[in-house]
Amino acid sequence: MSFEALGLPPSLVTILEREKYDKPYPIQEQAIPEILNGKDVLGIAQTGSGKTASYVLPVIARLKGLDKPKDRKPDVLVLVPTRELAEQVKDVFNLFERGFEHDVKTMAIYGGVSINPQMKSLFGVSIIVATPGRLLDLVDSNAVHLDKVQILILDEADKLLNMGFKDEMNRIFDMLPKKRQNLLFSATLSEKLDGLNTVLLQNPITVKVNTEEWNIEQINQISYSIDEDKKGPFLRYLIKSKEMQQVLVFTASTYKADNVADKLRKNGIDARAIHGKKNQNSRNQALKDFKEGRIRVLVATDLLARGIDIEFLPHVINYELPRSPKDYVHRIGRTGRAEASGEAISLITPEDEHHFKIIQKKMKIKVDRIDGNDIEIGKS
Ligand code: AMP
């Protein structure tokens, strides 16, 4: 099946060729024709499956027949749970808008950065990608109006619900025109999501891919037993001996993330920490620098474990284990994305043994173990 056969206009197909999207991923094959037909869609898919393009492409195609707004009334609203995801989704829209025959403008809006530039830029925007809180602030100050939205998309709807945005989302839904197309994407189905799905979607088409499984299969997972006091030098040894050029290291706390990044830098390895206590601009910058290869090691808390797509990330290291088994999967899922294989390494201290057993049991995986204390690491 080709993108053209899914019903996308030739100008978009040309852009897809430019971006080396050779053939549609399964979620795209299923979702694109339905969205082009104006159907409501419930998509069960997570980051890594190609779900963003599965709605971005048909949405851009559907805007072709419409005039660009001459006011502050966007045609499309995408709600997302985090600022990083807002930026990332906006980038995908921008990628396909560039060179498209119809003039479409997309803007990301989220909190944690100054509101004034966002207020000024909202004129003439067709597509808004927003976190709920900041969107409502902008609505309340008349910088944007939602009464012309024709397509509503909830991306990572399960997370939107878990993060307690429900009241804000309900306020937003009340402002939207009754007649509109609704698209809801979620990594998992839950009762809460079912509730949302019944109020929001009309005769939806359900599309589903299970990426978690194939992701896990193609990730090479290894664990090393290591004593707590040897972890720092051992991390440096791994990065150097395996010649890792781009590695995402996870810690359990913001303090530890800063601490590990500092130590790496002191030892001549280019590293930066990213976590919830950093301001938004430095988070964006660190992620951008890492994605574009200007930083070798990004040390992160679980803030980054979900939703963020870093293309072809070859290595993930759990410097400290996450509390929940699900987060283990989300973390290691940062590698082995989009049909590329990757390596996930976990450092296991004697205190972690029991917890790591539980993770493996819950996730039905068995991770190979090497004794790191026995390895001669030299001076790293
Ligand atoms: P997503 O699940 O939307 O975060 O997408 C995961 C990654 O797959 C992104 O890096 C996309 O650029 C890439 N991708 C999505 N669809 C395709 C495709 N049909 N061909 C090649 N790469 C794709």
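## Exercises on rings and strands

Y21 is partly exposed, with a relative accessible area of 30%; the class lies between buried (under 20%) and exposed (over 50%), using a 1.4 Å probe and protein chains only. This is a predicted model, in which local features need pLDDT of at least 70, side-chain atom pairs count only at pLDDT 80 or more, and totals for chains, interfaces and linings use all residues. Residues are numbered from 1 along each chain as its sequence is written, and side-chain values use heavy atoms, leaving out hydrogens and water.

**Exercise 1.** Classify the ring pair of Y21 and F96.

*Solution.* Start with the rule: rings of Phe, Tyr and Trp (its six-membered ring) pair if their centres lie within 6.5 Å; planes under 30 degrees apart are stacked, over 60 edge-to-face, and the rest tilted. This rule gives six aromatic pairs. Next, the centres of Y21 and F96 are 5.5 Å apart and the planes stand at 90°, so the pair is edge-to-face. Then place the partners: Y21 lies in the loop between α1 (10-18) and α2, F96 in helix α4 (residues 83-97), 75 residues apart. Helices here are DSSP runs of H or I with at least four residues, strands are runs of E with at least two, and both are numbered from the N terminus. Finally, F96 is buried, with a relative accessible area of 0%.

**Exercise 2.** Find the edges of the open sheet.

*Solution.* First write down the order: seven strands, β3-β4-β2-β5-β6-β1-β7, with parallel pairing. Two strands pair if DSSP finds at least two bridges between them. β3 (106-109) and β7 (205-208) each have a single partner strand, so one side of each lacks a neighbour in the sheet. From one strand to the next, the twist averages 15°.

**Exercise 3.** Which ring does the charged end of K231 sit over?

*Solution.* The rule asks for NZ of Lys or CZ of Arg within 6 Å of the ring centre and within 35 degrees of the ring normal. The charged end of K231 sits over the ring of Y319, 5.0 Å from its centre.

Key
Axes fitted to C-alpha atoms, helices over the stretch in contact; angles between N-to-C directions.
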